[in-house]
Amino acid sequence: MIRFVVKRLWNGALTLAALVTLTFFVMRLAPGGPFSKNRKLSPEVIANIEATYHLDEPLWMQFGRFVWGLLRLDLGPSTRFRDYSVGDIIASGLPYSLTIGFWAVIVATTVGIALGVAGALRRNGFTDYAAGTIGVIGIAIPIFVIGPVMQAVFALKLSWVPVGGWNDGWRSLILPVIVLSLPNIAYISRLTRTSMIETMRENYVRTARAKGIGEWRTIWRHTLKGTLLPVIAYLGPATAAIITGSILIETIFALPGIGRHFVDAALNRDYPLVMGITLLYGGLLILFNIATDLVRAWLDPRLRHDG
Amino acid sequence: MIRMTAEPLLSIRDLSVRFRLPEGEAVAVDGVSLDLMPGEVLGIVGESGSGKSQILYAMMGLLASNGRAGGQVRFQGQDLLSLPPRALDRVRGQSLSMIFQDPMTSLNPFMRVGDQLAETLRVHQGLSRDAAWKAAVAMLDRVRIPDAASRARRYPHEFSGGMRQRVMIAMALLAKPRLLLADEPTTALDVTIQAQVLDLMAELARETGTSIILVTHDLGVVARLCDRVVVLYGGRVMEEARTETLFDNAAHPYTRGLLAAMPRLEAPLTPRLGTIPGTPRSGGGDVSGCPFAPRCPDRIDICTKARPPMRITGEGRRAACHLVEEAQ
């Protein structure tokens, strides 16, 4: 098991290195630079700025400088938010994104799996149709529609929860968590339902029925693991995406997370910040994929031996 | 119907299995009746689609969700078809158990083999974890799983196909059932180990006094194990006889066709094996005549018009064919 983890971590590090290298050069291939959208500056000033951020050096030197910084865990200063380092920016936004993301993953997983199982057990019953409706709504209606509608109803009209911001403790969390988890509830419940219906058709479930151990035990002991394997495969990468924040959620609910930096940094050609965020998301994605593999191997003995 | 003095362990009366399909209703089993005596091994023979496996599934309450069974299956004084689920679960796995066709997919891949066996005893006999595990290991040993105690801790994918089917046999016979249903138990196995697995099954069943219904398309298997044979075609019983009678003196043209299609060592070497012309009837709607009539070499006019009645043709023999004479 330890060998398996070490091997996966090593592969993950290689993947991350490739990702970072690619991002570094693709970013610089794109036209424009971090300061090209500012007002016209005199050539001396531009030369000065470029010298400060080492943009005047050849690309390979810039890359070397970046890698050297990375090894010392220093991602350098943001070119957009001049007084802050990339590390500061990520550290200031991440806790908000993590908190909302964490609860959204918990809610999406429990509600999604419960709805999916209920739908599969009572196929074409009321729960199944209700879950199906939530599924269609959650997938089809975008967050930027559901978010404002919920704000209008639950915050403005009913005043149950704040419209946005981060000043009301756990009550500030309610709407963003619901809106962020909704598409995932939809997806997870559909996935669970399909997977469970498929598993219930497996020959080994028929064998369990033939043993006369009762319907409940047949489902609990013989169908659940098979049902959850594909759901867990989805959850790993989805968790990495959810906890690193969403620009839509953070904009709609005025939250100071890091989600908005994903888009802003690229638009502003804030090279150091883009690299920092790529590293963060890529690293989390790789970690969660490894975690997913571990959980799957724990559930499925067939996956244990091929490292 | 066969008349014997002893009370049959199982009597099936007019069993039908129908499936609702988008294009209408398919009849898989059509008015099948048969009896089984305690300790007897009965073979049900037929080609694919003859409905032979569906008879077993109907008895076990394992028909697909669009399937319905009609008629009566009396087993130990109860009609299995009308039992509520809980009552059926007290029968299944306890006094009635089943071995399936494909051992590769019929065991739970997520569960230790020993646990899968022990589960049956824990649920039905309320055994403790330890006692059930010991019984499971002992049973694995009896089906000749080498090093059963440590093998019980392994998962199904660590077993070969033949070993898995032996595990299935162990699981099915663990609670010493009165009746074992075996649905083509060796079809998916290597020819070299088929006989081994079958003999093991028969031997253990004999020790526990378990009757067997063996569904197969392999007449060689029937000759090896069965006391009596029921030949099925198009969901109906064509003929029934004691095994040796059937092989020596088949009454029904379909049975004769099947026997002619069987390779024999002692027969003179001919370039081709016998075949039955045409393709097997797959369960459609009701047929008015004999389902085999379109392929029958001895067909006469009445065969396509009237359903042949089941005639008793001798001691423990019956056949459904217009050409067969009733015994006096």
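Predicted model: local features only at pLDDT ≥ 70, side-chain atom pairs only at ≥ 80, totals over all residues.

Analyst: The side chain of Arg144(B) meets that of Glu203(B) in a salt bridge, with 3.1 Å from N to O. Arg144(B) lies in the loop between helix 4 (129-142) and helix 5 (148-151) of chain B, and Glu203(B) belongs to helix 7 (residues 191-208) of chain B, so the pair ties together parts that are 59 residues apart in sequence. Glu203(B), at 28% relative accessibility, also counts as partly exposed.

A second pair in chain B is formed by Glu240(B) and Arg228(B), whose side chains meet in a salt bridge of 2.2 Å, N to O. Since Glu240(B) is in strand 10 (residues 236-242) and Arg228(B) in strand 9 (residues 228-233) of chain B, the pair ties together parts that are twelve residues apart in sequence. Glu240(B) is buried, with a relative accessible area of 0%, and Arg228(B), at 2% relative accessibility, counts as buried too. Both residues belong to a network of salt bridges that links Glu40(B), Arg228(B), Glu240(B) and Arg318(B).

Another salt bridge joins Asp30(B) and Arg307(B), with the closest N and O atoms 3.8 Å apart. Asp30(B) lies in strand 2 (residues 24-36) of chain B, while Arg307(B) is in the loop between helix 10 (253-260) and strand 11 (310-314) of chain B, so this pair ties together parts that are 277 residues apart in sequence. Asp30(B) is buried, at a relative accessible area of 10%, whereas Arg307(B) is partly exposed, at 41%.

At the contact between the chains, which takes 25 residues from chain B and 23 residues from chain A, the rule finds two salt bridges. In a salt bridge between the chains, the side chains of Lys211(A) and Glu119(B) meet at 2.9 Å, N to O. On the side of chain B that touches chain A, the elements giving two or more residues are helix 1 (52-60), helix 3 (113-125) and helix 6 (161-173) of chain B, and helix 3 supplies the largest share, five residues. The area buried between chain B and chain A is about 2200 Å², with carbon and sulfur atoms giving 57% of it. In chain B, Glu119(B) is among the residues that lose the most area to chain A, along with Phe110(B) and His157(B), and together these account for 30% of what that side buries. Over all chains, a search of the whole structure finds 24 salt bridges.

Key
Residues numbered from 1 in each chain as written. Chains lettered and ligands numbered in written order. Heavy atoms only, no water. Contact = heavy atoms within 4.5 Å. Buried area = accessible area lost by both parts, 1.4 Å probe. Salt bridge = Lys/Arg side-chain N within 4 Å of Asp/Glu carboxyl O. Helix = DSSP H or I, 4+ residues; strand = E, 2+ residues; numbered from the N terminus. Buried < 20%, exposed > 50% of the residue type's maximum accessible area, 1.4 Å probe, protein only.
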